[in-house]
Amino acid sequence: MKAKTKIFGIIAFINLVLFLVAYNIRPIKVNYDAKEVQLKFTVPPNFPQPESQYDQHFVTPAGFKLGRILFYDRALSIDNSISCASCHQSFSAFSDQNKPVSQGFKQCSGTRNTPALFNLAWQKEFMWDGRVKLFQLSSHNAIINPCEIANSMAGAVEKLRANGHYTDLFRNAYGSVDIDSARLLNALTQFMSMLVSANSRYDKYRRYEQGGVFTTDEKNGYILFRQKCSACHKEPLFTDLSYRNTGLDLVSIDRGRDSSTHLATDVGKFRVPSLRNIEVTAPYMHDGRFATLEDVLTHYANGVKRNTHLDEQLRHNGTLGLALSSSDQHKIIAFLKTLTDKEFLTDVRFQIP
């Protein structure tokens with residue numbers, strides 16, 4: 001009886017493994033015939049102008065549609081197992097919710113947390129260490145990284161050429177059937193450049209629009225945020241686009257910005273992320289070490305390490321971190337939740353076609 005039970009258990013385990021394998025290698029069902037949507041890149045009234053490298057007029061309905069399909073199509077990967085959307089999910093502001101670090105091809109785990117994707121037209125550089133300087137190259141690393149989509153640009157292009165659906169999609173977007181890496185990256189950039197998040201309750205509060213009402217805690221949290229946090233998380237983008245060492249470790253295992261600049265003073269420095277949609281992008285920090293916003297503020301209140309290159313904003317007359325009582329932390333978190341842009345998270349234009 002025990003032997004039979006054991007055999008049944010083994011069979012059940014094998015079936016589960018086979019199911020998971022089949023699930024992971026299945027092509028994602030995208031609608032190649034999705035309708036084009038009329039859209040135009042516009043600068044929100046409370047935002048600055050985008051970075052000078054960004055062309056506000058290069059997004060077309062056909063190019064956006066192609067980029068959207070490519071973003072969700074697992075055909076980009078070498079074995080149809082993973083797409084850009086596998087790690088960048090719309091409901092979590094295109095981050096990888098609840099995963100400390102990125103997890104790609106064959107469940108390979110990276111070393112850094114998957115960054116959220118929005119308001120990219122205002123970024124000067126990309127990745128946690130800023131090593132990518134051009135928006136149109138921001139997808140290149142994900143495609144060729146063996147721990148992410150795990151293909152080559154040539155391999156991705158060949159797969160698209162072999163997929164008959166893409167002939168018309170590329171012709172409509174670019175005027176010819178030529179499918180190459182430049183057009184592939186351009187289309188993805190067209191889609192991602194439209195991921196503009198600027199309709200949170202905070203935005204409506206600042207623009208005196210309907211729905212822009214704060215509670216007492218949120219108002220007090222906003223005041224505290226401006227006093228304690230705004231030096232790095234500058235409004236309205238809620239980042240100053242700099243790189244800083246926030247005292248996570250005495251000695252940084254991940255070299256951070258130094259891996260791009262090769263400057264010893266940049267060891268342990270990482271890009272200051274935007275706090276927009278922070279409520280839905282857990283876990284936090286470059287390595288996803290903090291599960292909650294409470295954990296993050298606890299670190300800044302009493303967990304900052306005296307790192308050699310600790311940012312000056314976290315050193316005041318020999319005292320490390322920020323003076324934040326538990327009540328202060330509660331109010332700041334209440335304010336941070338007003339940065340959640342529900343319209344952006346549910347925008348049908350950005351969902352799987």
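Student: Ser-252 is found in the loop between which strand and which helix?

Tutor: This is a predicted model, in which local features need pLDDT of at least 70 and side-chain atom pairs count only at pLDDT 80 or more, while totals for chains, interfaces and linings use all residues. Residues are numbered from 1 along each chain as its sequence is written, and side-chain values use heavy atoms, with hydrogens and water left out. Helices (H or I, at least four residues) and strands (E, at least two) are DSSP runs, numbered from the N terminus. On that numbering, the loop with Ser-252 runs between strand E1 (243-244) and helix H10 (258-261).

Student: Is Ser-252 buried or exposed?

Tutor: The cut-offs are under 20% relative accessible area for buried, over 50% for exposed, and partly exposed in between (1.4 Å probe, protein chains only). Ser-252 has a relative accessible area of 17%, so it is buried.

Student: Which residues does Ser-252 touch, not counting residues up to four places away in sequence?

Tutor: Contact means heavy atoms within 4.5 Å. With residues up to four places away in sequence left out, Ser-252 touches Asn-245, Val-267, Gly-268 and Asn-307.

Student: How far apart in space are Cys-232 and Val-272, C-alpha to C-alpha?

Tutor: Cys-232 lies in the loop between H9 and E1, and counts as buried at 14% relative accessibility. Beyond its neighbours within four places in sequence, Cys-232 is in contact with Thr-239, Asp-240, Arg-244, Val-272 and Gln-313. Cys-232 and Val-272 are 40 residues apart in sequence, and their C-alpha to C-alpha distance is 6.9 Å.

Student: Which residue is joined to Pro-236 by a cis peptide bond?

Tutor: Most peptide bonds are trans. Pro-236 is in the loop between H9 and E1. With omega about 0°, the cis bond joins Pro-236 to Glu-235.

Student: What is omega for the peptide bond from Ala-282 to Pro-283?

Tutor: Pro-283 sits in the loop between strand E2 (270-271) and helix H11 (293-302). The bond from Ala-282 to Pro-283 is cis, with omega near 0°.

Student: What is the phi of Asn-98?

Tutor: Most residues other than glycine have a negative phi. Asn-98 is in the loop between H3 and H4, and at 60% relative accessibility it counts as exposed. Its phi is positive, near 70°.

Student: What is the phi of Lys-106?

Tutor: Lys-106 is placed in the loop between H3 and H4. Lys-106 is exposed, with a relative accessible area of 67%. Although Lys-106 is not a glycine, its phi is positive, at about 55°.

Student: Which elements are included in what covers the buried residues of H7?

Tutor: H7 has 13 residues and reaches 18 Å from first to last C-alpha, close to the expected 18 Å, where the expected span is 1.5 Å times one less than the number of residues. Because 11 of the 13 residues are buried, H7 is largely enclosed by the rest of the structure. Among the buried residues are Arg-183, Leu-184, Asn-186 and Met-192. Their cover includes H2, H3, H4, H5 and H6.

Student: Which residues does Leu-184 touch, not counting residues up to four places away in sequence?

Tutor: Leu-184 is one of the residues with the most contacts inside the largest nonpolar core. Leaving out residues up to four places away in sequence, Leu-184 touches Leu-70, Leu-76, Ile-143, Met-153, Ala-156, Leu-160 and Phe-170.

Student: The buried residues of H9 pack against which helices?

Tutor: Helix H9 (residues 216-228) has 13 residues. Glu-218, Gly-221, Tyr-222, Leu-224 and Phe-225 are buried in H9. The buried residues of H9 pack against helix H8 (201-206) and helix H12 (326-336).

Technical notes
Core = buried A, V, L, I, M, F, W, Y, C linked by side-chain atoms within 4.5 Å.
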